[in-house]
Amino acid sequence: MELQAVLMAAGGGSRMMDLTYNTPKPLLPVGNKPLIWYPLNLLERAGFEEVMVITTKEVQKALSTEQRLKLDVKMKLDVVCIPEEADMGTADALRHIQQKIKTDILVVSCDLITDVALHEVVDLFRAHNATLSMLMSKVHEFTETVPGQKGKKKTGEQRDFVGVDSTGKRLLFMANEADLEDGLVIRKSIMRKHPKMHIKTGLLDAHLYCLKRSVVDFLVDNKSISSLRGELVPYLVRKQFTKALGSQRDDEHTDQNLKRKDANASLEILSSSKDEALLQLACERSCWNDHRGDMSEAYHGGQLRCYAHIMEDGTCYRVNTLAAYVEANRVAPKLFEEPPVHPSAVISERSLVGGDSIIGAFCQIADKTSIKRSTIGTSTTVKEKVKVTNSIIMNGITIEEGCNIQGSVICNNAVIGRGADLKYCLVGSGQRIEAEAERTNEVIVGSDQLMEI
Amino acid sequence: SKTLFFISFEPFRGGLDCATVEPLFYCSVSSDLEEKRIPLPSNSQSLQSCTVTVFILFLQIPLRSDYGYKVSLFSHLHQYSRKAPLTQQISIPATVIHPSIVRLGLQYSQGIVAGSNARSVALLHAFKQVIQDYSTPPNEELPRDLVNKLKPYISFLNQCRPLSASMGNAIKYIKKEISNIPSQCKEEEAKKKLLLCIDNYVNEKITLAAKAISKCAIDKISDGDVILVYGCSSLVNHILCEAFEKQRKFRVIVVDSRPRLEGREALRRLVKRGIRCTYVLISAVSYILPEVSKVFLGAHALLANGYVMSRVGTSQIALVAKAYNVPVLVCCETYKFCERVQTDSFVSNELDDPDDLIVTREGKTQLADWQSVKSLGLLNLVYDVTPPDFVDLVITELGMIPCTSVPVVLRVKNVDQ
């Protein structure tokens with residue numbers, strides 16, 4: 001078997017607590033499908049037959065019991081629970097399932113919505129025998145107004161500085177703005193080997209990684225690494241250019257050296273012990289080099305290689321903030337070919353449902369309503385004379401007559417009272433908006449869910 | 001996906017001749033196997049009533065589609081684009097085709113493994129992985145089943161990049177070794193034996209052959225020689241490095257050509273050893289040739305009529321060298337000898353990606369939309385054939401032979417086997 005897929009669905013959605021305090025992030029509806037459906041669909045279209053899903057008990061229960069969340073995937077899902085109290089990072093989660101990992105792995109995050117051709121990422125991994133291959137995309141500017149946003153838009157998260165070589169495929173440098181205090185420091189050894197480096201800041205890390213099996217074994221030995229994105233990836237990118245400690249010494253004792261605790265050497269040795277004599281011979285005899293102009297052989301003789309595929313066009317979103325969530329709801333319907341109006345929805349003839357709106361199953365849309373550019377979830381009741389524009393209405397919601405909802409996000413099981421006027425609001429789960437309320441640019445959540453500072 | 005029909009005949013049991021007939025073709029790659037029994041009309045007496053069992057088999061190897069306009073003389077050959085790899089049509093993770101074969105195919109099509117020897121060695125390495133991961137299904141025999149398993153892999157590799165003559169010979173050897181495994185041999189033993197065979201083959205035909213050829217060739221290099229080499233031939237580079245170790249005093253002129261520019265890699269390897277080198281493009285070969293005392297060329301294959309098939313441009317070098325009366329020596333291992341006969345470079349060749357010919361200088365690409373110009377065709381040939389009149393000597397591990405002795409070597413090899 002070549003690759004095993006691992007889907008990380010245990011994240012808390014810490015940057016959009018208003019949405020996720022009641023619904024776990026993997027189950028948030030985007031275009032009326034749970035968020036976890038999108039990476040699963042991506043893997044299924046690529047041809048995977050089995051996926052290991054790492055998630056919390058809550059999500060596992062929801063996936064197996066609730067009918068509404070019928071996922072529609074034909075793959076075999078192996079759901080592994082991690083205890084919520086443990087506060088595990090993504091690398092810790094990989095360590096947890098280390099026994100099940102028998103080959104190289106493809107790690108995907110549950111909040112990734114993309115239509116990338118997966119073979120581009122995996123081909124880099126295969127062809128160059130890389131240790132890490134990841135997907136990145138140009139950051140799209142969010143055009144939709146975000147409900148509940150007060151004042152000017154924040155500058156956003158701190159940028160990532162990504163350095164690639166002149167072909168645009170090999171990763172040379174990766175650091176987050178937060179870690180760079182005085183300035184960007186680049187080692188001389190990198191500049192000597194790759195004199196031409198492009199440093200990009202407008203890239204989004206899609207959190208899709210192909211990792212070699214030896215990296216998982218390395219993680220088991222090094223328990224201090226707890227996050228893939230934050231710690232392991234920058235470590236691997238840096239390690240490409242450090243001097244090989246172990247390889248100069250006896251190559252015959254590679255098996256004994258596997259037990260060594262030395263973190264530096266073990267990764268090199270684990271990845272080079274697989275190289276057989278024939279492969280070496282083929283590399284020597286091949287007249288190919290990945291760079292030119294200096295005297296060194298292909299890849300500068302380095303065993304560790306990190307590659308990135310940067311998507312120029314196409315959709316790629318990571319739904320980890322409210323703005324991204326709203327944007328994704330706009331874009332996601334283009335990714336699947338189901339009809340926008342579910343056949344079981346009851347829509348009265350005198351209502352106006354725009355072509356770019358999505359109506360979920362078992363909805364009831366009454367007369368004289370107007371629904372434009374919106375997403376209505378399952379089992380939602382919309383009474384007469386309601387105007388819904390540019391909004392996301394989740395499941396099980398009741399909207400009484402005469403409401404006007406614009407640019408808002410209404411979470412599960414909320415009730416919007418008669419005549420309410422909501423502009424750019426975020427209504428939390430199970431909330432009731434009293435009749436004739438007029439709210440603009442507010443986040444309405446229960447008192448027990450107010451932000452902990 | 002291709003559909004193959006395998007027909008087997010079973011004589012009716014009540015017939016006169018009840019010899020059981022082995023099915024003509026027997027294939028056990030049984031992912032989609034449909035069996036249909038169709039009674040034949042009995043129109044002859046001996047064939048009383050046979051039931052014809054038709055196995056319809058679906059081979060799931062995708063076909064790569066041709067790219068761009070093909071020059072009419074070469075329109076019978078395939079022309080693929082490097083930007084459309086075959087892997088976009090197979091599933092990730094690869095299940096129908098073994099992962100190391102997929103990796104190898106990718107490396108071939110992207111040019112990461114290039115050069116006749118490198119490709120053969122990489123192929124044998126991948127076959128070793130396949131054999132290690134292989135397990136005989138029940139009711140099957142290892143010899144037959146393993147050979148049948150290799151067939152779709154070979155056709156996949158052929159789609160990624162047409163097989164070279166050396167690869168073809170290696171495959172023939174492996175298939176013969178697999179078929180020769182006695183049927184009572186246990187699976188573990190058989191696998192070990194096959195892996196050992198592969199290692200021996202590489203050792204004998206490539207490593208030791210290179211040593212033997214270097215020994216012969218070094219005798220031909222005298223002090224003060226100026227040697228001309230073309231492109232990057234692993235064998236010629238090996239010879240020159242060995243000669244330098246043995247303290248011969250010579251200098252090398254590396255001739256290179258677009259679009260591959262492989263000579264740069266040869267230049268790097270020679271200069272790294274400390275050999276004095278000069279680098280020219282093929283357009284300057286008639287300028288530089290008066291300085292040259294010998295020409296060493298590598299070969300992709302040696303054909304049965306004595307023609308040398310090598311990188312495109314080799315025949316030109318040989319021609320100009322002949323005009324200047326400079327001896328041309330071709331170095332080639334015997335496993336690259338091929339039973340094909342060719343007198344021109346049109347009949348059988350390889351077309352590489354035409355976009356490689358496009359050059360971007362200072363951000364401007366003149367031929368960026370060459371496909372829209374109806375009267376323009378880009379041709380990127382890979383191989384050409386050199387007639388034996390231009391080649392003075394062929395150095396093989398069996399000794400130094402003239403070009404016309406190639407069929408003799410082939411005959412002797414066949415007798416041995």
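**View 1. The two domains of chain A in the predicted model.** Chain A is divided into domain 1 (3-149 + 157-243 + 303-331) and domain 2 (340-444), with bounds taken from an automatic or database domain assignment. The C-alpha centres of these two domains of chain A lie 33 Å apart. To their contact (heavy atoms within 4.5 Å), domain 1 of chain A gives 21 residues and domain 2 of chain A gives 28 residues. About 1800 Å² is buried between domain 1 and domain 2 of chain A, 54% of it on carbon and sulfur atoms; buried area is the accessible area (1.4 Å probe) that two parts lose on being put together, summed over both.

**View 2. An annotated span of chain A.** An unreviewed UniProt entry annotates residues 345-436 of chain A as "domain: EIF2B subunit epsilon/gamma LbH"; such annotations may be inferred rather than shown by experiment. This span of chain A is 0% helix and 39% strand, and its end C-alpha atoms lie 27 Å apart. Helices (H or I, at least four residues) and strands (E, at least two) are DSSP runs, numbered from the N terminus.

Residues are numbered from 1 along each chain as its sequence is written, chains are lettered from A and ligands numbered from 1 in the order in which they are written, and side-chain values use heavy atoms, with hydrogens and water left out.

Notes: Predicted model: local features only at pLDDT ≥ 70, side-chain atom pairs only at ≥ 80, totals over all residues.
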